[in-house]
Protein chains: 2
Amino acid sequence: MTGFSFTLNATDGRARTGVIQTPRGEIRTPAFMPVGTAATVKAMLPESVRATGADILLGNTYHLMLRPGAERIARLGGLHRFMNWDRPILTDSGGFQVMSLAELRKLTEEGVTFASHVDGSRHFLSPETSMEIQRLLGSDIVMAFDECPALPATHERQAEAMRLSMRWAQRSRDAFGDRPGHALFGIMQGGVERDLREESAEALRRIGFDGYAIGGLAVGEGQEAMFGVLDYATDLLPEDQPRYLMGVGKPDDIVGAVQRGVDMMDCVLPSRSGRTGQAWTRRGQVNIKNARHADDPRPLDEHCTCPACTGYSRAYLHHVFRAGEMISGMLLTWHNLHYYQEIMQGMRDAIAGGTLDAWVATFHAQRAEGDIPPL
Amino acid sequence: MTGFSFTLNATDGRARTGVIQTPRGEIRTPAFMPVGTAATVKAMLPESVRATGADILLGNTYHLMLRPGAERIARLGGLHRFMNWDRPILTDSGGFQVMSLAELRKLTEEGVTFASHVDGSRHFLSPETSMEIQRLLGSDIVMAFDECPALPATHERQAEAMRLSMRWAQRSRDAFGDRPGHALFGIMQGGVERDLREESAEALRRIGFDGYAIGGLAVGEGQEAMFGVLDYATDLLPEDQPRYLMGVGKPDDIVGAVQRGVDMMDCVLPSRSGRTGQAWTRRGQVNIKNARHADDPRPLDEHCTCPACTGYSRAYLHHVFRAGEMISGMLLTWHNLHYYQEIMQGMRDAIAGGTLDAWVATFHAQRAEGDIPPL
């Protein structure tokens, strides 16, 4: 596809590192994509998100179509210009959030009718309308419209949802058409059922996409079950195209996914955690509101080069969190996104150097130490 | 005083421009001081505050003594290090906010006993404890402890409060002692009563301070009454020392105060307005939540060089405000602080060039035009 390509540079075990080329810049893989739900990565300016090392953001079709509206964003020059981010943007299809957020949902073969959680207005999403909305937004990587059933779900329910998603994948492909410089990714479904995952992967490969996502994980099944699927699922997808694991995850989820051949991930966790006083560091999770930090002059992580760690003590971060100051969310989100990107860079380097096992061993050893003890 | 000095460089009418030298850097006057109440200028990183052109911040003794506590800040290396701002800081004395925020106040000749609005704990503020707290914070410019009576107040009540403040000013001077590189400012009181202002100024000059504040204004008396006091009050103060008008104000208040010989001001307005969707521009106030901005691709002010105006449309600012996103407060606060500092720089240049009248005429003419009409 003109202007969009994936180059695999090195592998280490099943882990891969490479580059996705797009007209808006390259995406180094494995890549972590911060989530900019409503045209902003919460508590961050876009230049700060870039400074953490992010090559690409994720935007939410469901949120943006409801507010401020896809047509409005198109009139204003597209999502990149609207939110002041000129690098690649991936948009989800809206399918997942219709199922988790919208009200009065009615699902048919044709698509989903629902009521906005913002103002109750009625909307319709289908493969065709999702493709049109993502086109209006100007997304660089467009996701096929799918259905992700709530868990727990029977094999029958999973099969039904997966097969509907595959029919929608074909309609998404047809509606997307040929858009040079823009990519369409299909989404594998099937929950934790291996036969369904195989059937789904085969259906997607038959249709043909620019990249392949693994959907329907990170929805409550637990890390062991997720890794269990990834143990075989990535091998079901084409080797020469990017593989995107949706909605993942905690740092150790991300590391395990990359070890299993995943190239791209997204998650609200680092930004959401930042706003609730949770920091992620090499040594695990730090709850900054804990009273033990009130007098601690040390940074969150003495080895971290983010603004939160180079400019402020734990005592300060504790104070501003307790006082409800916005700088708390601003600094902790920056730190978390910085740490996530540091993990990605570390893994990219390790895979390129053939030393991922050692890198992962160190990653787990540092976490096992736990946070620094109180002074 | 070693390490602290004021140099008057030029005057234009009663307006003055100069430089306050401190060991932590110079303060160009007239100066606007953003307010960092709880060790943060809300919604801003300190490097961003500096980027707007601020030479000095104001910290609130009352807030900081209650949370996180002055002793704690001292143990952590002082307020500058705590909040990551290495330039000058002025702290108020706590007197004003004890009167406006604290509960169960009891005022005696000795000082004020009160209950914290945060947790109900009992505290005592007096000239001596205020000096000690401001010393612990490491403030560069310390304010004398005063009483500012609520308005409306009779001449008798104003006289009583002013005379108590003058006795406290002497005690503040005595308690402050000799602290090279740190300045102590006295605060003139007397409300809108000229005889009391004269008596207060004389008392302060007799004691002798490194600078002089005009207190008891911007407390609801209105701009006309405030300017009425400033018409004579600045002339009651030494010409060769800085004059600080506390708690002012809107852009036109600031301009009128500088025209009347004021060198320094502070106000929460630009940052507070920014968090409530109010922007200040050359053409007056803009309420970004107004529906007229929803589709407007233009910046707040096409001549403004702040990040909000160079990176974002009114439509975006409207959207993120409506969506309750933190970036709304971050961008509008930055814009407002930038605009305030632009006013100060404009006046400093105009005073130096002897063209303040023309600058002020343009300032008012642009405001009279009002905001740009809808497209």
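1. Across the interface of domain 1 and domain 2 of chain A, six residue pairs are in polar contact, both residues of each pair being at pLDDT 80 or more. The model is predicted, and the points below should be read with that in mind.

2. On the side of domain 1 of chain A that touches domain 2 of chain A, at least two residues each come from strand E1 (5-12), strand E2 (15-22), strand E3 (25-29), strand E4 (31-34), helix H1 (46-51) and helix H10 (251-259). H10(A) gives the largest share of that side, six residues.

3. One salt bridge is found across the interface of domain 1 of chain A and domain 2 of chain A. Asp252(A) and Arg367(A) form a salt bridge in which the closest N and O atoms are 3.7 Å apart.

4. The domain assignment of chain A places domain 1 at 5-266 and domain 2 at 274-368. To the contact, domain 1 of chain A brings 30 residues and domain 2 of chain A brings 28 residues. Taken over C-alpha atoms, the centres of the two domains of chain A are separated by 27 Å.

5. Between them, domain 1 and domain 2 of chain A bury about 2400 Å², with 72% of it on carbon and sulfur atoms. Within domain 1 of chain A, the residues losing the most area to domain 2 of chain A are Asp12(A), Thr52(A) and Pro251(A), which together make up 24% of what that side buries.

6. An unreviewed UniProt entry lists Cys304(A), Cys306(A), Cys309(A) and His335(A) under "binding site". These residues span 32 residues in sequence, but no two of their C-alpha atoms are more than 8.3 Å apart, so they gather at one spot.

7. Leaving out residues up to four places away in sequence, Cys304(A) touches Cys309(A), Thr310(A), His335(A) and His338(A).

8. With a relative accessible area of 0%, His335(A) is buried. Again leaving out residues up to four places away in sequence, His335(A) touches Ala279(A), Trp280(A), Thr281(A), Leu300(A), Cys304(A), Cys306(A), Ala308(A) and Cys309(A).

Methods:
Residues are numbered from 1 along each chain as its sequence is written. Chains are lettered from A and ligands numbered from 1 in the order in which they are written. This is a predicted model: local features need pLDDT of at least 70, side-chain atom pairs count only at pLDDT 80 or more; totals for chains, interfaces and linings use all residues. Side-chain values use heavy atoms; hydrogens and water are left out. UniProt positions are given in the numbering used here, feature names are shortened, and annotations may be inferred rather than shown by experiment. Contact means heavy atoms within 4.5 Å. Buried means under 20% relative accessible area, exposed over 50%, partly exposed in between (1.4 Å probe, protein chains only). Domain bounds come from an automatic or database domain assignment. Buried area is the accessible area (1.4 Å probe) that two parts lose on being put together, summed over both. A salt bridge is a side-chain nitrogen of Lys or Arg within 4 Å of a carboxyl oxygen of Asp or Glu. A polar contact is a pair of N or O atoms within 3.5 Å; within protein, one must be able to donate a hydrogen and the other to accept it, and residues adjacent in sequence count only if both atoms are side-chain atoms. Helices (H or I, at least four residues) and strands (E, at least two) are DSSP runs, numbered from the N terminus.
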